[in-house]
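Here are a few friendly notes to read alongside the model.

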Amino acid sequence: MVVWRPERRNRNIGTKSSGYSKSSDMRIPESWLDKHGNCSLYYERLELAHVQEVSFGDFQTKVLYDKPHDGFSYGCSPADVIKLLTLVSEAIPAMPDIIAFRQPTRKQRQQFPVWGRFLYFAEFGRNEGTAIVLEAQELGAVLRRSKNMNLEDRAEYERLIGDGHSFVETKRHFEARLAEDGIRNTKLYRTLLHELGHLADYHQKVLSEETALDPDHDVAADLYFSRPTSEREVFAHRFAEGLGRSLRADDGIPFAPQPFQ
């Protein structure tokens, strides 16, 4: 006689392990091929409306501009970024090869919302090298932070308040509506400096022959990426805060929006 034993039922029933909700899983498509058949990551895909090459001493930087959708803003123009890079050019060890203004898709905004990102190596068509990507933000969208924050989240929340985002307290969150001034302050005067901090860290520990972690580039890169992500973030935050204080002390920032050229 076979006895039904309820404790031996399939524990995966109703979970993703049994296929539940797989058809509606909101993931960013991971295809390596864009619509033209070129191999790339999703954040390397731009609809270029403007390309500009700028010189900062011995450095050459390409500025790639993807026109934002209606209701979206970068908070700054390529001319704003060029002016800020000019102000800091003598205080940083290297310039990025590429500055890319990028319009994310709806799903990318939902799954991986970012102000910007530093890419140690990127390919935007024929343009390649180190890159800082600045992503368009939706005006009026809700910027939400949980009331249950760890130390890192609390520090970022305080930075956002310092950028001018007006948070209001709700039952479970602190919420702010994205406005042009707040986006500009976060994107231009903090995110860009933060990503330059990642580049400075990478240059010091991997690219520079005098200060690299190892004479062999590949070994130095392995040692660099073996460090905890939190350690790299602390360096970038400290770098951005120091550079920002110096610029404000010299009345370099904030400055009036520069006309799009």
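1. Ring pairs join Phe118, Tyr120, Tyr202, Tyr224 and Phe225 into a cluster. Rings of Phe, Tyr and Trp (its six-membered ring) pair if their centres lie within 6.5 Å; planes under 30 degrees apart are stacked, over 60 edge-to-face, and the rest tilted.

2. Before going on, please note that this is a predicted model, where local features need pLDDT of at least 70, side-chain atom pairs count only at pLDDT 80 or more, and totals for chains, interfaces and linings use all residues. Residues are numbered from 1 along each chain as its sequence is written, and side-chain values use heavy atoms, leaving out hydrogens and water.

3. The whole structure holds 14 aromatic pairs. In one of them, Tyr120 and Phe225 have ring centres 4.9 Å apart and planes at 85°, so this pair is edge-to-face. Tyr120 belongs to strand E5 (residues 116-124) and Phe225 to helix H5 (residues 217-226), so the contact ties together parts 105 residues apart in sequence. Helices (H or I, at least four residues) and strands (E, at least two) are DSSP runs, numbered from the N terminus.

4. Tyr202 and Tyr224 also pair edge-to-face, at 5.3 Å centre to centre and 70° between the planes. Both Tyr202 and Tyr224 are buried (under 20% relative accessible area; exposed is over 50%, partly exposed in between, with a 1.4 Å probe and protein chains only).

5. Elsewhere, an open sheet of three strands runs in the order E8-E10-E9 with antiparallel pairing; strands pair if DSSP finds at least two bridges between them. Its edge strands are E8 (142-146) and E9 (168-169).
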